[in-house]
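Colleague: I have not looked at this one before. Please take me through it, starting with any term I will need.

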Amino acid sequence: LYYHILRNMIVLYLCVTKTIVLPKETVNLTLPVSTLTALLSPYISHSLLALLFPTFSEICVKWTLNSISTGAHVMKGKVLGNRMVDLQVSNSKLYHRAIGIIQMFAGVESTVAEQKLLNSIYGSDYPHANTIQHHIKTAAGQSMVVPKAIVMAQSDCSLEEAHTLLQSNPVVRKALKQT
């Protein structure tokens, strides 16, 4: 699936840049703007097309780079079920999103999800009375906070067991299958 998305984005990129070098081959495409205009002219006026072509090229580049970065995150195991789960809990919105992600993938209530998130941030002893801002400040710079919380919530294991499991298999989906 990701190969096809990436291939389509590269084709769009080729329409703009005309050349791209891949690891084992070079694809050269000579597609003059006049050909692209001829293809689109039944649907879009020439003056509008002249205005849209620079925007189109920027969008093609953006989509291509987004496809590449999305594919890289999938390959690194930071995506689970079409959701980015290895996020940095760096503000209140992401704190609440992390709780929702844990709740969704572990199938637990929001209070249990928040407890597992705090356990992942602080370890076994975490302060219950602190504010969300304090939790965010403590979580800053920590890695795999949300994946550890998901593993703990879904498999009912300790933080150390979740950490060991994710160290041996950093792809969250595969680590959850091992539990």
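Modeller: The term is the hand of a helix crossing. A crossing is left-handed if the near helix is turned anticlockwise from the far one by less than a right angle, and right-handed if clockwise. Also keep in mind that this is a predicted model.

Colleague: Which hand does the crossing of α5 and α6 have?

Modeller: Left-handed: that is how α5 passes α6.

Colleague: At roughly what angle do their axes cross, and within what distance do they come?

Modeller: Helix α5 covers residues 110–122 and helix α6 covers residues 132–139. Their axes cross at roughly 45 degrees and come within 9 Å. Because of that angle, α5 counts as oblique to α6.

Colleague: Which residues meet there?

Modeller: From α5 there are Leu 118, Ile 121 and Tyr 122. They meet His 134, His 135, Thr 138 and Ala 139 of α6. By type, this contact has four nonpolar residues, three polar ones and no charged ones.

Colleague: Now α7 and α8. How do their axes cross?

Modeller: At roughly 115 degrees, with the axes coming within 9 Å. Here α7 is residues 145–155 and α8 is residues 159–168. The crossing of α7 with α8 is right-handed.

Colleague: Which residues make that contact?

Modeller: On the α7 side, Pro 147, Lys 148, Val 151 and Met 152. On the α8 side, Leu 159, Ala 162, His 163, Leu 165 and Leu 166. Seven of the residues in this contact are nonpolar, one is polar and one is charged.

Colleague: Let me step back. How many helices and strands does the chain have?

Modeller: Nine helices and four strands. Along the sequence they follow the pattern α-β-β-α-α-β-β-α-α-α-α-α-α.

Colleague: And what share of the residues counts as buried?

Modeller: 35% of the chain's 179 residues. As for contacts between residues at least 6 apart in sequence, 49% of them join residues at least 24 apart.

Colleague: Pick a residue. Is Val 85 buried or exposed?

Modeller: Val 85 has 0% relative accessibility, so it counts as buried. Val 85 is in the loop between β4 (83–84) and α4 (92–106).

Colleague: What is Val 85 in contact with, beyond its neighbours in sequence?

Modeller: Once residues within four places in sequence are left aside, the contacts of Val 85 are Lys 78, Leu 80, Ile 101, Phe 105, Val 146, Pro 147, Ile 150 and Val 172. Take Phe 105: it is 20 residues from Val 85 in sequence, and their C-alpha atoms are 9.7 Å apart.

Colleague: Lys 78 came up there. Which residue does the side chain of Lys 78 meet in a salt bridge?

Modeller: Asp 86, with an N to O distance of 2.8 Å. Side chains of opposite charge can pair when their charged atoms come close. The count of salt bridges comes to one.

Colleague: Are Asp 86 and Lys 78 buried or exposed?

Modeller: Both Asp 86 and Lys 78 are buried.

Colleague: What about Ala 106, where is that?

Modeller: In helix α4. Its relative accessible area is 16%, so Ala 106 is buried. Not counting residues up to four places away in sequence, Ala 106 touches Ile 150, Ala 153 and Gln 154. Ala 153 is 47 residues from Ala 106 along the chain, yet the two C-alpha atoms are separated by 5.7 Å.

Colleague: Backbone next. Which residue other than glycine has a positive phi near 65 degrees?

Modeller: Asn 82. Most residues other than glycine have a negative phi. Asn 82 is in the loop between β3 (79–80) and β4. Its relative accessible area is 71%, so Asn 82 is exposed. Met 144 also has a positive phi, near 60 degrees.

Colleague: Where does Met 144 lie?

Modeller: In the loop between α6 and α7. Met 144 is buried, because its relative accessible area is 18% and the cut-off for buried is under 20%.

Colleague: Last one. What is Asn 169 in contact with?

Modeller: Lys 174, Ala 175 and Gln 178, leaving aside residues within four places in sequence. Asn 169 lies in the loop between α8 and α9 (172–178), and it is buried, at 13% relative accessible area.

Note on methods: Residues are numbered from 1 along each chain as its sequence is written. This is a predicted model: local features need pLDDT of at least 70, side-chain atom pairs count only at pLDDT 80 or more; totals for chains, interfaces and linings use all residues. Side-chain values use heavy atoms; hydrogens and water are left out. Axes are lines fitted to C-alpha atoms, for helices over the stretch in contact, and angles run from 0 to 180 degrees between N-to-C directions. Helices (H or I, at least four residues) and strands (E, at least two) are DSSP runs, numbered from the N terminus. Angles under 35 degrees count as roughly parallel, over 145 as roughly antiparallel, 65 to 115 as roughly perpendicular and the rest as oblique. Contact means heavy atoms within 4.5 Å. Ala, Val, Leu, Ile, Met, Phe, Trp, Tyr, Cys and Pro count as nonpolar, Asp, Glu, Lys and Arg as charged, and the others, Gly among them, as polar. Buried means under 20% relative accessible area, exposed over 50%, partly exposed in between (1.4 Å probe, protein chains only). A salt bridge is a side-chain nitrogen of Lys or Arg within 4 Å of a carboxyl oxygen of Asp or Glu.
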